[in-house]
Amino acid sequence: MLNILIIGNGQCGNRILDAINRRALGGGKNCSRLARFYSRQKFKSHVETLALNTAINDLKEMKFTKAKDRIHIEHLHGVGANRNIGKQVFGEKKERIMRQIEERGNFDIAFVITSASGGTGSSFTPLLVKEMKNRYNYPVYCLVVLPFREEGTLYLQNTAFSIREIRQSGTDGIILADNQYLKNIGGSIQEAYNGINDMIAERILFLLDALDSEMMMVTDLGDFKSVMSGGAGLATMGFFKSDKETSIKTAIQSTLSPAGLLFSTDVYKEASRAMIIIKGDRKYLNVDDISDEIEKLSRAIGHVFKGIIVRSGEYPQVLSVLTLESAHEMEKLYNIAIQAIQQEKEKKQRVEKESELDKTFSMIEGLEPEY
Ligand SMILES: Nc1nc2c(ncn2[C@@H]2O[C@H](COP(=O)(O)OP(=O)(O)OP(=O)(O)O)[C@@H](O)[C@H]2O)c(=O)[nH]1
């Protein structure tokens, strides 16, 4: 049995963690809040979850994560997208945060979930990972959510710096999920967030289940580590759940297609290593068809690990984990981020010069109110 730690930092990280806990309690989208009082989590592994946030309201919003796992790192009501303040708060509260991890025991693998663009999660994550890597010898993977591109200059510049810092933190790999790419889920912004969080939670739970399952064809933690160590330190995941109409070939293709992935990439051009895990009833799993599809991918990118988990009565579900050797979409994001940083710099310079407003205020210099 694997010991797994999942940490959610900041509002986005907290919400995704809560979606994972809801699913682990067996809940779909409408799972009752009461479920957490009487259900046992369906993790096969021993999983500890921990939510960190400077904003108490974000922690209170969580419905399926135990109160003891929601840790408030006091600083006003968040750090207002300011990563410098976030880093300072982490520095001040570091030992308290690390004690929380220490108390939860030793692990085989850890995941840290955050948005790249806010203040708290994106500044805590690189510093936290660095501390974890210094103190423990288990792999630490980050799941990082990229912003909608129209969310503003501060979020864009935070993204550019935080991704670079997370890469340099010693993390064993970054799994990307992109709000912009996934936004066609539709509905209100809250519905889109819930939909995206649910997609991420579904993939993470499938992965955890697979890493701790008896397989007909084996992939294990060692294979996952090998996949994640390939490429340029960035990865993404794809998923597809088939019904009785879908062939296993189509299911595998779908997990590698835009509809199945969490980040925009042409896997046949940009992927470096992959892991494909298939779960379902033996009668749907034609081994020749599976091999055909996997070979097509491995001819294009190199090595592909494959795993098959037999679950009687279930239509196949397929998960892909892909490390990337290049990421065109990330280059595009950095180009807009550079413009955003420039824009913020020019604005600051303009404000630092004596502004028209300063001139207006100075008109009453030397005068006193007369009554
Ligand atoms: N997918 C997804 N993205 C979210 C969610 N909530 C916020 N975001 C995104 O996260 C980014 C903002 O980061 P947050 O996580 O809210 O910020 P924070 O880390 O709490 O930091 P501060 O609020 O600045 O202290 C924006 O790009 C949002 O679009 C969510 O529930 N799901």
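Predicted model: local features only at pLDDT ≥ 70, side-chain atom pairs only at ≥ 80, totals over all residues.
**Close-up 1. Strands β7 and β8 as antiparallel partners of β10.** Strand β7 (residues 234–241) runs antiparallel to β10 and is joined to it by eight bridges, with A235 standing opposite T323 of β10. Strand β8 (residues 271–280) is also antiparallel to β10, and eight bridges join the two; here K279 has Q317 of β10 as its bridge partner.

**Close-up 2. Helix α13 and the elements that cover its buried residues.** Helix α13 comprises 25 residues (328–352), which at 1.5 Å a residue should span 36 Å, and the 37 Å between its end C-alpha atoms agrees with that expectation. Within α13, M330, L333, A337 and A340 are buried, and the cover over the buried residues of the helix includes β5 (140–146), α6 (153–168) and β7.

**Close-up 3. The shell of residues around the ligand.** The ligand is surrounded by 27 residues, of which the closest are G10, G78, S115, G118 and G119. Two or more residues of this shell are given by each of the elements α1 (10–24), α5 (120–135) and α8 (189–211), and α1 supplies the largest share, four residues. By residue class, the shell divides into ten nonpolar, 14 polar and three charged residues.

Key:
Residues numbered from 1 in each chain as written. Pairing = 2+ DSSP bridges. Expected span 1.5 Å × (residues − 1). Buried ≥ 20, exposed ≤ 12 C-beta atoms within 10 Å, placed from the backbone. Contact = placed C-beta atoms within 7 Å. Near = placed C-beta within 6 Å. Nonpolar A, V, L, I, M, F, W, Y, C, P; charged D, E, K, R; others polar.
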